[in-house]
Amino acid sequence: MKKIILNITMLATIVFSGAGCKKFLDERPFTQVPTDSYFKSSKDIAAAVAGVYASFQIEMTGNGTGSTWGKYHFWGEGRADNFDRTQYNFSHVNEIASNGLTAGNAASNWTGLYRTIGRANNCLKYIPLVPQYDNKATQKVVDENMAQCYAMRAISYFYIVRLWGDAPIWLEPYTDVNEDPKKPRESKDKILREIIIADLEKAYELIPKNATPSQWYIGEGAICAILADVYMWMGEETEALKWFANLFKAKSPTGKVYKGMNETDLATQADWKNIFINANTVENIWSIHWDFTVNGCACTPVSIYHSNSPLQIDSIVLNDWGAIQETDLRARQTIDFNAPLRDRLLKFYPMPASGNPTWNDATKQLPVYLTMYRLTDMMLLYAEALNQTGDPVNALKWLNIVRVRAGLPAYLDTDPEVNTQEALQNALLNERRYELFGEGKRWFDLVRTRKVQEVMDPVLILRQRRQLVEEVGFGSDERKWLWPIHRTLIEDNPQLKQNEPYN
């Protein structure tokens, strides 16, 4: 199955970009592609949908060379307290780690997400036409692939509104050279409700229920997980609870129903590492596939391959987590406490029998399966929703299930760390920090819970003190929670208005 997926991805790369990875940022009307040759068979559907995934995969993981780092960690982790810059002079990374973003930052460009949206739009328009040419393109085939394209469009827009807020809306393919490709930004609230939620609900309607999904494609459970995440982002916990319930009725890639009732529904302590390296446990929901033989090096900014990584583990994390690394089983399976430069995230790599990871030219050939959603992520988010809606008992239950699996002691409900709603919320966020370390969640968690200044001020002041610059922390300007829009996008489209205070 993996080989088939990867070969289709390569085909889709050629079909939809014209000349491989380096042309992924090129935008041209679909009418300039000989459409009479495509969307005529079920194989064309598979290739086109694989092209949507390939576009998103490239944006999250990188282009396989290290010259364009994947944005999974920059967007979801780089601005938070898990990672700091290294001593190497990567200017865009220095900006991210010090909250000094500018409109020239390489990671402030949304082009790759709109490329993915554009491919999804093509599929949504043309896939329904295929059955007239190929009787193998059954309604089931059409529905399942349409569902994935609706969901991929939704997750791309979800990243956009969380990172930039208001944004242009494209719901149709760009098919005519005479059509003006320049659009103004529209309300993030409109995008959330009228596009993201609407697309995900349509995807859920179309996706087969009670089916065993492929780890690498968005299935029933992944759609529910994204919807729950969206509603939690919007602060609508009651709506989120409905989608958590739907998630628990879906099946994992192993065929087991998620359930979400007790510790047996999660991967065992011994199986925890397999969530990231085998990516096929009872806990997996959706991960990004990557294979060196087809895609090249998974050159993430925290790869164990590089000797000059742009990000390193924050010293506070290293000290605090290192103090309990003998107890918390996740610690040494997540980061390398012995790396002299603190720049080795081990989570997505198999550990050698010696327990001492090394890096060399062979290391870059290791597969990297970045997790988008998994059950523990959703259970801790579910616990947050329960806590916010007046059910601290079950919220604490799930917090303790995760802690005990990690080797840590369970909290008593009288413990000051959890005996109020706010304390329990902080405990859940802290547990998410370590359980999901390096999984692209931390920054979004801080923004979602409005904890940015509280958490980041002490961290940034310490970093600024080391650099002998003014100690101002993150500050109270919440406009800086958003990213600037890359200057080339502003230059190319006069209808775009830059986010303040970056203008």
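This dialogue walks through selected features of a predicted model.

Student: What should I know before reading this structure, and how many helices and strands does the chain have?

Tutor: The model is predicted. The chain has 19 helices and four strands. Of its 503 residues, 59% count as buried.

Student: How many of the contacts between residues at least 6 apart join residues at least 24 apart?

Tutor: The share is 71%.

Student: Which residues of α18 are buried?

Tutor: General idea first. An α-helix has 3.6 residues a turn, so residues three or four places apart point the same way. In α18, the buried residues are Val452, Val455, Met456, Asp457, Val459, Leu460, Arg463 and Gln464.

Student: What do the buried residues of α18 pack against?

Tutor: They pack against β1 (83-85), α4 (91-98) and α17 (442-448). Just after α18, Leu468 takes a positive phi of about 60°.

Student: Which other residues have a positive phi although they are not glycine?

Tutor: Asn210 is one of them, with a phi of about 60°. Asn210 lies in the loop between α7 (188-206) and α8 (220-233). Ala279 is another, at about 55°. Ala279 is found in the loop between α10 (274-277) and β2 (284-288).

Student: Now aromatics. How is a pair of rings described?

Tutor: By the distance of the centres and the angle of the planes. A search of the whole structure finds 24 aromatic pairs. Trp75 and Trp164 form one that is edge-to-face. Their centres are 5.8 Å apart, with 85° between the planes.

Student: Where in the chain are Trp75 and Trp164?

Tutor: Trp75 is in helix α3 (residues 71-76), and Trp164 is in helix α6 (residues 139-164). The pair links distant parts of the chain, 89 residues apart. Both Trp75 and Trp164 are buried.

Student: Which residues form one aromatic cluster with them?

Tutor: The cluster includes Phe56, Trp110, Tyr114, Tyr157, Phe158 and Tyr159. Trp233, Trp286 and Phe444 also belong to the cluster.

Student: Which arginines lie over a ring face?

Tutor: Arg162 lies over the face of Phe444, at 3.9 Å from the ring centre. Arg403 lies over the face of Tyr411, at 4.2 Å from the ring centre.

Student: How do I read the nonpolar core?

Tutor: In soluble globular proteins, nonpolar side chains tend to be buried together. Here the largest nonpolar core has 147 residues. Phe56, Tyr157, Tyr159, Ile196, Phe244, Trp286 and Tyr373 touch the most other members. The largest share of this core, 16 residues, comes from α6.

Student: What does Tyr159 touch?

Tutor: Leave out residues up to four places away in sequence. Tyr159 then touches Phe56, Met60, Trp75, Leu113, Met372 and Phe444.

Student: How many disulfides are there?

Tutor: The count comes to zero. Cys123 shows the reasoning. Its closest cysteine sulfur is in Cys149, 4.0 Å away, too far for a bond. The cut-off is 2.5 Å. Cys123 is buried, with a relative accessible area of 0%. Cys224 also counts as buried, at 0% relative accessibility.

Student: One last residue. Where is Ser309, and is it buried or exposed?

Tutor: Ser309 is in the loop between α11 (292-295) and β3 (311-313). At 0% relative accessibility, Ser309 counts as buried.

Student: What is Ser309 in contact with, beyond four places in sequence?

Tutor: Its contacts are Thr86, Tyr88, Phe90, Pro301, Ser303, Asp343 and Arg344. Take Thr86. Ser309 and Thr86 are 223 residues apart in sequence, yet 7.1 Å apart in space, C-alpha to C-alpha.

Definitions and conventions. Residues are numbered from 1 along each chain as its sequence is written. This is a predicted model: local features need pLDDT of at least 70, side-chain atom pairs count only at pLDDT 80 or more; totals for chains, interfaces and linings use all residues. Side-chain values use heavy atoms; hydrogens and water are left out. Buried means under 20% relative accessible area, exposed over 50%, partly exposed in between (1.4 Å probe, protein chains only). Helices (H or I, at least four residues) and strands (E, at least two) are DSSP runs, numbered from the N terminus. Contact means heavy atoms within 4.5 Å. Rings of Phe, Tyr and Trp (its six-membered ring) pair if their centres lie within 6.5 Å; planes under 30 degrees apart count as stacked, over 60 as edge-to-face and the rest as tilted. A charge sits over a ring if NZ of Lys or CZ of Arg is within 6 Å of the ring centre and within 35 degrees of the ring normal. A nonpolar core is a set of buried Ala, Val, Leu, Ile, Met, Phe, Trp, Tyr and Cys residues joined through side-chain atoms within 4.5 Å.
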